[in-house]
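Welcome! Here are a few notes to read alongside the model; please keep the viewer open as you go.

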Amino acid sequence: SGGVAAAAPILTQLRGKCATPLPVLRRVADAMAADIRAGLAADGGDGLPMILSYVDTLPTGGEKGLFYALDLGGTNFRVLRVQLGGKDGRVIDTEFQQVSIPQELMFGTTEELFDFIASELARFVEKEGDRFQLRQEMKREIGFTFSFPVKQTSVDSGILIKWTKGFAVSGTAGRDVVACLNEAMERQGLNMHVTALVNDTVATLAGARYWDDDVMVAVILGTGTNACYIEHTDVIPKLQGPKPSSGRMVLQIINTEWGAFSNSLPLTEFDRDMDSASINPGEQIFEKTISGMYLGEIVRRILLKMANTTALFGVSAPEKLCTPFTLSTPNICAMQQDESDDLLTVGTILNDVVGAQSSLSARKTVVEVCDTIVERAGRLAGAGVVGILQKMEQDSKSLIFGKRTVVAMDGGLYGHYPQYRKYLQDAVTELLGPETSKNVVIDHTKDGSGIGAALLAAANSKYA
Ligand code: ADP
């Protein structure tokens, strides 16, 4: 097979299959809006999960006092305290600490895990300096960011459905994780309690909204992806039980779990093969197309096919290129930043990471492949954002498109990948048109989810 030139037809075909011209973006945005609507109507249908957060009291900026946050979502957890000074003082002071969870606790009992968390929290509280002041009559209150699937029925409780991400702690599934933490704190003699249980997207929205009242949507693009937005309770048919009585519960943050979206996406054989080989085939298709865990892997699969069927990297494919997930998203990001004529950095990365010797024209092909996959990802993420905005606008005209609206973005992929950010913004601008897109601000958040959870503890304080 004739050298690098032979890879050209594969690249052309790939570009065709991954193309996201305006009609494709429209189809995706419309499908996202429809799946959001279906998910709000009923659980278990064709729609998105659309999980109620029970967060109906958002930070206003007026919050005052000392609050804590605890973030558990992976092999580390973070504890944080913040002194809030109201409209004028804002965030007066903040401190945080990260603690890694000992491996054995991930396979232990519920009590062991939560006792460990509570004891680390107690140590952190002991180090609270004079710069932090608790109002006299108050207990210390915590916003708990818990990024595992829970079934919530109130803002301060949630039943664990199952552990994910390598956790296999016994006895927690089916129990209220807030009660588990509160009981562990009691056993430690720690006089604190949880007033808000939220997932990381919801905390991100709250944190961004604290600085800017126009924030309506939050999106996380990291290893995985998720989005949430502020919805009117009267357009949530599946919301059971007493509707707003005091006129208080008018809005609620809804967690879309949009990673589960799969309608009308432009997919290739490489996406389908990666999905089949995954631990959750058929699930999280949008996430597998746009998030950081997968972009490098899609590129690897394409390069492997090119290396096997053409002479992209010499006579045979380098062995390391055959191993799933050897090429990471930070790797393809680094290759795309190489603006030199000889693409030396691309060559070095290919050599170091997958053991490939590359000619200049092979390196050019590799960069084109990276760009094709990242362009598709960024533009589809943008179409997803517009789908959410479209749904909001359909239910309350001019809520979104007649005024300034901010979409708060967070996550390592969004934060570190300039081309991804540009492709996302381009798609939003194309879909909304020049006028409307002037009012829609896609903005990287300052604080992430940390302070957001503490703000939700404050907004839901028992002492307010
Ligand atoms: P998580 O989503 O795991 O909670 P982050 O939001 O920090 O954590 O996202 C981490 C992900 O961001 C990584 O898995 C990777 O895909 C992506 N990422 C990190 N650094 C870079 C980088 N330099 N370029 C591109 N993507 C990156």
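Which residues in helix H5 (residues 177-187) are buried?

1. This is a predicted model. In helix H5, the buried residues are Val-177, Val-178, Cys-180, Leu-181, Ala-184 and Met-185. Looking down the axis of H5, you will find them within an arc of 160°, so they line one face of the helix.

2. What do the buried residues of H5 pack against? Their partners are helix H4 (110-126) and the strands E2 (64-72), E5 (140-146), E6 (150-154), E7 (157-160) and E8 (192-198).

3. Both ends of H5 deserve a look. At its start, the backbone nitrogen of Val-178 has a side-chain oxygen of Asp-176 within 2.9 Å. After H5 comes Gly-189, with a positive phi near 70°.

4. Next, turn to Thr-329, which sits in helix H10 (residues 329-336). Thr-329 has a relative accessible area of 6%, so it is buried, being under the 20% cut-off. Leaving aside residues up to four places away in sequence, Thr-329 touches Gly-292, Leu-295, Gly-296, Leu-413 and Tyr-417. With Gly-296 there is also a polar contact: a polar atom of the Thr-329 side chain lies 3.2 Å from the backbone nitrogen of Gly-296.

5. Finally, the cysteines. The disulfide count is zero, taking sulfur atoms within 2.5 Å as the rule. For Cys-322, the nearest cysteine sulfur belongs to Cys-370, 17 Å away. For Cys-333, the nearest is again that of Cys-370, at 9.7 Å. Cys-322 is partly exposed, at 42% relative accessibility, whereas Cys-333 is buried, at 10%.

Note on methods: Residues numbered from 1 in each chain as written. Predicted model: local features only at pLDDT ≥ 70, side-chain atom pairs only at ≥ 80, totals over all residues. Heavy atoms only, no water. Helix = DSSP H or I, 4+ residues; strand = E, 2+ residues; numbered from the N terminus. Buried < 20%, exposed > 50% of the residue type's maximum accessible area, 1.4 Å probe, protein only. Polar contact = N/O pair within 3.5 Å; in protein donor to acceptor, adjacent residues only side chain to side chain. Contact = heavy atoms within 4.5 Å. Arc of directions from axis to C-beta.
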